Amino acid sequence: MTGPAPRFLTAAEVATFGFAEAADALQAGLADRSSQTLDPVPRSAIQLPAEPDGTGDRELLLMPCHGPEGVGVKLVTVAPENPSRHGLPRIQGSYALFSPDGLEPRLIIDGAALTRLRTAAVSALATRLLARPDSRRLVIFGAGVQGAAHAAAIRAVRPIEHVIVIGAGSDSARASALVAQLRADGASARLGDAGALAEADIVCTCTTATEPLFAEGAVRPGTHVNAIGSHRPSMCELPVELLGGALLAVETERAARAEAGEIVRAIETGVLPETGFAAELSALAAGRVTRRDDAQITVFKSVGLSVEDLIVARALADRLDPPPVGAS
């Protein structure tokens, strides 16, 4: 006997799930976990052959996870040359969610859409827990999928009035398009450069940079920074000196130590110790770590965890088919 076939959740359907709603699910799911259960199965990265005449590093990422929400695995391909060579997204994939009891397949979700949602929702959660409540000026480095998602996600959790977008260059078409989109959504938005940090309350770095995007002294007291672009030791968006003087938060120290270029460099140069260098996201979600005062700089350095995908996927499934009262 077989059960019903799993439903496929399209990108458009995933996009109807709000960032604040996803952040709520993440906080509830992460607060009940110990750091040891946040990432029960490490993700695997398989290097793929480059295209003929291609120079990009192509990968297949496998991100499995299990927990009270069920069992899930995300299969993601990363093809840096896709946008320019094929007109396709850089990241594509699918997510499979299985039920926690019978382990039957419950949902197949557009992987790129889920990644967009959960990545920005995790930053929204960190922003909700660390940024000053009166934060009104947002600066975003990067105008791709995550730059646009973070603009919406941060506006969902803070009373943002002004957004400054910093693209890859002064003539970045994507940056101009994001500014136009934000203005159409009712926000005051403009293009800018790193000098805009002098007026920022919140900064989001959503790039593929391999060197810091700004100097340590550019961030003013009281600023909150979400750094999400680098997920390899060779990548880096933030000056390591910034990490040493800030309240630093990460998903887990283990994952950050292995994958976050800023953390790797900070430890190698002695700016951070090898252990005990950051608050973990579960502690933030449970309310055990908070901002000290309005002058403290706070930094959330994210590399992405499979448990975040699992929590958001389960929340999407429950919205489609609410579980019985009292069920896990």
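The legends below describe several views of one predicted model.

Residues are numbered from 1 along each chain as its sequence is written. In this predicted model, local features need pLDDT of at least 70 and side-chain atom pairs count only at pLDDT 80 or more, while totals for chains, interfaces and linings use all residues, and side-chain values use heavy atoms, with hydrogens and water left out.

**Figure 1. The protein chain as a whole, with 11 helices and 14 strands.**
Helices (H or I, at least four residues) and strands (E, at least two) are DSSP runs, numbered from the N terminus. The C-alpha atoms of the protein chain fill a box of roughly 65 × 50 × 45 Å along the principal axes. For 328 residues, a compact globule would have a radius of gyration near 20 Å, and the 19 Å of the protein chain agrees with this; the radius is taken over C-alpha atoms, and the globule rule is 2.2 Å times the number of residues to the power 0.38. Of the 328 residues, 50% count as buried, where buried means under 20% relative accessible area, exposed over 50%, and partly exposed in between (1.4 Å probe, protein chains only).

**Figure 2. The largest pocket, with a volume of about 1200 Å³.**
On a 1 Å grid over the protein atoms alone, a pocket is an open set of points where a 1.4 Å probe fits, with protein on both sides within 12 Å along at least five of seven lines, and lining residues have an atom within 4 Å of a point. Grid points are joined across faces, edges and corners, and the volume is the space filled by probe spheres set on the points. The lining has 46 residues, of which Arg90, Ile91, Val145, Gln146 and Thr208 lie nearest the pocket's centre. Helix H4 (111–130) is one of the elements that each supply at least two lining residues, and H4 gives the largest share, 6 residues.

**Figure 3. The largest nonpolar core, which has 74 residues.**
A nonpolar core is a set of buried Ala, Val, Leu, Ile, Met, Phe, Trp, Tyr and Cys residues joined through side-chain atoms within 4.5 Å. Leu30, Ile109, Val139, Ile263 and Val299 have the most contacts inside this core, and the largest share of the core, 10 residues, comes from H4. Apart from this core lies another, of 20 residues, among them Ala131, Val179, Ile202 and Cys204.

**Figure 4. Thr127, a residue of helix H4.**
At 0% relative accessibility, Thr127 counts as buried. Contact means heavy atoms within 4.5 Å, and, not counting residues up to four places away in sequence, Thr127 touches Ile154, Val157, Arg158, Ile202, His224 and Asn226. The C-alpha atoms of Thr127 and Phe300 are separated by 8.4 Å, although these residues are 173 residues apart along the chain.

The buried residues are Gly261, Glu262, Ile263, Val264, Ala266 and Ile267, and they pack against helix H7 (240–245), strand S12 (247–250), helix H8 (253–259) and strand S14 (298–301). Just after H9, Gly270 takes a positive phi of about 85°.

**Figure 5. Leu103, in the loop between strand S5 (91–98) and strand S6 (105–110).**
Leu103 is not a glycine, yet has a positive phi of about 55°. With 49% relative accessibility, Leu103 counts as partly exposed.
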